[in-house]
Each structure stands twice: as C-alpha cells, then as structure tokens.
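This report covers helices, a loop residue and nonpolar cores. The structure comes first, then the notes.

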Amino acid sequence: MPDYPRSNAVKPCRPRRLLALAVLLAIFQAGAAGRALGVSEAARVPVSLPSALAFAGGAVWALVWVLVALALWRRQARACRYAAWAGVGFAFYSLGRLAVFAQADYDRQRLPFLTIAIFAFSTVLLISIIRSSKVHATESMEHGRKPEN
C-alpha cells in the first residue's frame with residue numbers, strides 16, 4: 001500500500017464551549033428583544049434606549065448568533081472565524097450602545113475600563129483570525145490546493 005502524505009489541513013471546528021456560548025448569546029439577545037417589546041408606556045420614559053432600537057439590536061444579534069451556532073453545529077469550514085468576527089462586532093456594538101445611551105454615573109465611570117478591555121479582547125480574537133487564515137492558506141498551498149477565498 002503506497003504511503004501518501006497525510007494532510008495537515010485545518011479541520012472544520014465545532015468546539016462545544018464556543019457553540020454553547022453562541023447559543024446562550026442568541027437566547028440572551030432574543031430575550032432582550034422580547035423585553036423591549038414588553039416594556040409598558042410608564043416604564044419607557046426613564047429608559048434611555050428607545051424600545052424600537054433595543055428590539056432591533058436584540059433581534060439582529062439574536063439572528064447573528066443563531067447563524068453562528070448553526071455554522072458551528074454543521075462544522076462549516078470557517079465557523080470559528082465567523083464566531084470570532086461576531087464576537088468582535090458584538091463587543092463593539094455593546095460598547096457603542098453603552099457609550100451613547102449610558103446615563104448613570106456608574107456606567108460613565110466604567111466606560112474607559114470597558115473600552116480597554118474590549119480592545120484587548122478584540123485584539124486577541126483578530127490575531128486568532130489572522131493566524132488561522134495564514135495557517136490554512138499555507139497548508140493548502142503545501143498540498144497543491146488553491147487557498148479558499
């Protein structure tokens with residue numbers, strides 16, 4: 001039997017923790033959209049974030065996290081990359097929402113710390129995205145395949 005070289009190509013990923021996190025974030029954002037619809041007229045006055053915007057943000061992010069969870073479940077080739085990009089986008093969305101709509105002094109005072117933490121978190125995710133794409137492209141070229149776009 002001929003000894004063929006083994007492929008070291010990047011295998012599709014489906015880490016259980018990442019899948020669980022995507023599902024939890026989808027549920028949490030769907031709940032946030034539901035809460036935005038269920039707020040009474042009396043409670044809407046002191047809330048700084050308009051209900052329509054809270055519903056839209058929750059619904060969009062719930063959909064994004066459901067799509068990421070489905071990609072992870074199906075072991076699509078770039079599922080981990082999609083999850084990382086969704087994490088970066090969600091972190092900056094949350095930071096922007098807090099920066100624009102925070103009214104309490106406590107929220108305003110913790111904004112610099114959250115900004116630094118989110119930039120550090122995003123940097124780690126972006127480095128992992130770049131590393132995985134370079135490794136995947138290098139291994140594909142070594143085995144005579146075209147890199148995926």
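## Helix α3 and its cover

The cover over the buried residues of α3 includes α1 (16–37) and α4, where cover is counted by contact, meaning heavy atoms within 4.5 Å. Helices here are DSSP runs (H or I, at least four residues), as strands are (E, at least two), numbered from the N terminus. This is a predicted model, in which local features need pLDDT of at least 70 and side-chain atom pairs count only at pLDDT 80 or more, while totals for chains, interfaces and linings use all residues. Residues are numbered from 1 along each chain as its sequence is written, and side-chain values use heavy atoms, with hydrogens and water left out.

The buried residues of α3 include Trp 61, Trp 65, Val 68 and Leu 72, along with the glycines Gly 57 and Gly 58. Buried means under 20% relative accessible area, exposed over 50%, and partly exposed in between (1.4 Å probe, protein chains only). The 23 residues of α3 should span 33 Å at 1.5 Å a residue, and its end C-alpha atoms are 32 Å apart, which agrees. The expected span is 1.5 Å times one less than the number of residues in the helix.

## The loop at Arg 75

Arg 75 is found in the loop between α3 (51–73) and α4. Its phi is positive, about 55°, although Arg 75 is not a glycine. Most residues other than glycine have a negative phi. With a relative accessible area of 44%, Arg 75 is partly exposed.

Among the buried residues of α4 are Val 88, Phe 90, Ala 91, Leu 95 and Leu 98.

Ser 122 is found in helix α5 (residues 105–142) and counts as buried at 3% relative accessibility. Leaving out residues up to four places away in sequence, Ser 122 touches Val 88, Ala 91 and Phe 92.

## Nonpolar cores

A nonpolar core is a set of buried Ala, Val, Leu, Ile, Met, Phe, Trp, Tyr and Cys residues joined through side-chain atoms within 4.5 Å. The largest has 14 residues, of which Ala 22, Trp 65, Val 68, Leu 72 and Phe 90 touch the most other members. Two or more residues of this core come from each of α1, α3 and α4, and α3 gives the largest share, six residues. Another core, of six residues, lies apart from it and includes Ala 91, Leu 98, Ala 102 and Ile 118.
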